[in-house]
Amino acid sequence: MAVEDHGDKVIVTLDNDSTTSVTVLKYGATVISWKHKGNEQLWVSEAAKLDGSKPVRGGIPLVFPNFGKTKEESHETFALPQHGFARNSTWDFLGQTTASPLTIQFGLSPEQANPEVYKLWKSKSGGDENPDFTLIYSISLLEDRIITKIEVENPGKEAFEFNWLFHTYFRVSDVEDVVVTNLTNEQCYDQLLKTWYTEKSPMVNFTEEFDRIYKNIHPEKLLQIVKFGKVQQNIQRHNLPDAVVWNPWIEKSGSMADFEPKKGYLDMLCIEAGHVTDYVTLKPSETWTGSQEVFLGGEIKVQSDIYS
Ligand code: TA6
């Protein structure tokens with residue numbers, strides 16, 4: 001059976017390859033496993049809460065309507081917690097939509113949203129109403145890739161603005177042996193140094209805590225995780241101009257109770273495609289779509305100088 005609903009999660013398996021599968025927890029519509037021929041491509045903490053008590057530490061948590069936490073008191077997302085409420089709400093499983101590619105869908109609207117958190121999202125006009133929204137999340141499983149696509153709709157009477165981000169935790173074997181391509185010459189905000197600068201590394205590497213938001217990366221640029229000259233994962237973005245690259249390293253992972261094992265920082269790397277350096281504004285009856293296509297292997301593509 002290609003698509004199995006297990007109540008709290010949905011498991012999708014390729015008809016012609018039972019070792020390639022994706023598992024999605026309905027809580028947060030969080031992809032918690034993507035196996036390619038039995039090899040797990042995502043990292044999930046051994047202490048991750050999968051019972052809905054807090055956002056999953058790992059897999060592909062979904063960030064909406066705010067990335068991080070704004071300091072702008074007048075902003076309608078000011079009262080929301082870091083990364084919003086999509087990742088800590090239980091989504092509706094809408095079923096399989098297509099067979100080729102094998103695609104399933106999840107939906108979230110005010111009816112399903114975590115009420116304690118959703119109510120903190122104020123309307124742009126300052127009225128008592130919270131913004132009305134509909135999220136349709138599609139996950140496609142193919143031979144050597146997954147595609148995650150989000151549609152954000154505004155069924156309401158007022159415009160609202162939002163960020164979107166796929167907070168993807170990739171599994172890597174020893175992050176110290178890994179580089180990421182095609183971020184050279186991109187503008188980035190260093191969350192640790194609290195400053196903007198131009199990325200100068202031909203291939204970004206990891207030897208300490210790393211938390212950078214890359215802004216408006218040319219859409220043709222493919223972000224690649226490369227180990228010893230071999231491409232592990234490729235992240236192709238569609239309508240997602242920004243990417244956050246994050247590794248908590250020793251101290252930060254040590255401070256997170258749900259980050260286990262503590263050496264796990266060596267086995268993970270977040271490459272997070274999104275629209276986070278400014279807000280998308282959605283007028284009534286408009287729809288916005290963003291997606292990432294993550295595929296394995298292939299050649300190293302050095303695109304740094306082509307698009308700068
Ligand atoms: O995506 C990077 C980041 O914003 C980091 O600054 C770190 O806070 C990470 O997200 C995890 O956030 P969380 O709320 O899941 O602990």
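A residue counts as buried when its relative accessible area is under 20%. With that cut-off in hand, let's look around this predicted model.

**View 1. The surroundings of H75.** At 4% relative accessible area, H75 falls under the 20% limit and is therefore buried. You will find H75 in the loop that runs between β6 (62–63) and β7 (92–99). Its side chain makes a polar contact with the side chain of T77, at 2.9 Å. Leaving out residues up to four places away in sequence, H75 touches T70, E161 and Y279.

**View 2. The nonpolar cores.** The largest core holds 74 residues, and F64 and Y137 have the most contacts inside it. Strand β21 (residues 268–282) contributes the largest share of this core, 7 residues. A second, separate core has 7 residues, among them F67, Y189, I213 and V276. Beyond four places in sequence, the contacts of Y137 include A29, V31, W91, F106 and F166.

**View 3. The largest pocket.** By class, the lining comprises 13 nonpolar, 8 polar and 12 charged residues.

**View 4. The second largest pocket.** Here the volume is about 210 Å³. Of the 13 lining residues, E40, Q41, R171, Q232 and Q233 lie nearest the centre. Strand β19 (230–238) is among those supplying at least two lining residues, and β19 gives the most, with 4. The lining is made up of 3 nonpolar, 6 polar and 4 charged residues.

Methods
Residues numbered from 1 in each chain as written. Predicted model: local features only at pLDDT ≥ 70, side-chain atom pairs only at ≥ 80, totals over all residues. Heavy atoms only, no water. Buried < 20%, exposed > 50% of the residue type's maximum accessible area, 1.4 Å probe, protein only. Polar contact = N/O pair within 3.5 Å; in protein donor to acceptor, adjacent residues only side chain to side chain. Contact = heavy atoms within 4.5 Å. Core = buried A, V, L, I, M, F, W, Y, C linked by side-chain atoms within 4.5 Å. Nonpolar A, V, L, I, M, F, W, Y, C, P; charged D, E, K, R; others polar. 1 Å grid on protein atoms, 1.4 Å probe; cavity = no way out; pocket = protein on both sides within 12 Å on 5 of 7 lines; lining within 4 Å. Points joined across faces, edges and corners; volume = space filled by probe spheres on them.
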